[in-house]
Amino acid sequence: MSLSLAQMPGARSYSFPKEEHLCRKKLIEELFGRGSSFGLYPLRIVWLPAPAPTSAPPQVLVSVSKRSFKRAVDRNYLKRLMREAYRLNKYRLVEAPGGHPVGTIAFIYTGKEKKPFALVEKKLISGLERLLADATPAPAAESVS
């Protein structure tokens, strides 16, 4: 019997299936209405916490402004860059010990010029790490009485 790569213990899945894409208008409005955000130039990350820590991947939205990039080919290129960077590094979020507290995320490209993949990936990784640090509540310090 042969196991596929996804079924092997310890194997990572680098897929980004349709179920992980944030498409529902109601969820998008909730994300931007109630979500928290921070910027890591050239990205802005908006996120909404999940009801409970989970190991399931969050739903993700990727966006590039039409105001900054008039040509669709440029917007599509940058969205492809961000999706690829997320796809390769989502394990940092999904494999967090004890699960992660993120329900939905939006990655918004705010830069005015195209940046190389290495920079976009570096900033996205920093964003995911900051997301884990910000979203995970710090353990309560025991008071000595």
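Modeller: Residues are numbered from 1 along each chain as its sequence is written. The model is predicted, so local features need pLDDT of at least 70, side-chain atom pairs count only at pLDDT 80 or more, totals for chains, interfaces and linings use all residues, and side-chain values use heavy atoms, with hydrogens and water left out.

Biologist: Why is K90 called buried?

Modeller: Buried means under 20% relative accessible area, exposed means over 50%, and partly exposed is in between, with a 1.4 Å probe and protein chains only. K90 has 5% relative accessibility, so K90 counts as buried. The residue lies in the loop between helix 2 and helix 3.

Biologist: What is K90 in contact with, leaving aside its neighbours within four places in sequence?

Modeller: Contact means heavy atoms within 4.5 Å. On that basis K90 is in contact with S13, S15, F16, P17 and E20.

Biologist: What makes residues 117-135 a helix, and what is its span?

Modeller: Helices are DSSP runs of H or I with at least four residues, strands are runs of E with at least two, and both are numbered from the N terminus. Helix 4 has 19 residues.

Biologist: How do you know that the buried residues of helix 4 line one face?

Modeller: The buried residues are V120, E121, L124, I125, G127, L128, L131, L132 and A135. Seen down the helix axis they fall within an arc of 160 degrees, so they line one face of helix 4; the arc is taken over the directions from the helix axis to the C-beta atoms. On the other side, A118, K122 and A133 are exposed. The cover over the buried residues includes strand 1, strand 2, helix 2, helix 3 and strand 4.

Biologist: Why does A135 count as buried?

Modeller: A135 has a relative accessible area of 14%, so it is buried. Residues up to four places away in sequence not counted, A135 touches W47 and P101. The C-alpha atoms of A135 and P101 are separated by 6.2 Å, although these residues are 34 apart along the chain.

Biologist: What makes strand 1 and strand 3 edge strands?

Modeller: Two strands pair if DSSP finds at least two bridges between them. The open sheet has four strands in the order 1-2-4-3, with mixed pairing. Strand 1 and strand 3 each pair on one side only, and are the edge strands. Strand 3 and strand 4 have six bridges in the parallel sense, and L61 stands opposite A106 in strand 4.

Biologist: What makes the pair of Y86 and F107 tilted?

Modeller: Rings of Phe, Tyr and Trp (its six-membered ring) pair if their centres lie within 6.5 Å; planes under 30 degrees apart are stacked, over 60 edge-to-face, and the rest tilted. Y86 and F107 are at 5.7 Å centre to centre with 45 degrees between the planes, and the pair is tilted. Y86 is in helix 2 and F107 in strand 4, 21 residues apart. Both Y86 and F107 are buried, and F16, Y86 and F107 form one aromatic cluster.

Biologist: Which peptide bond is cis?

Modeller: The bond from Y41 to P42 is cis, with omega near 10 degrees. P42 lies in the loop between strand 1 and strand 2.

Definitions and conventions: Expected span 1.5 Å × (residues − 1).
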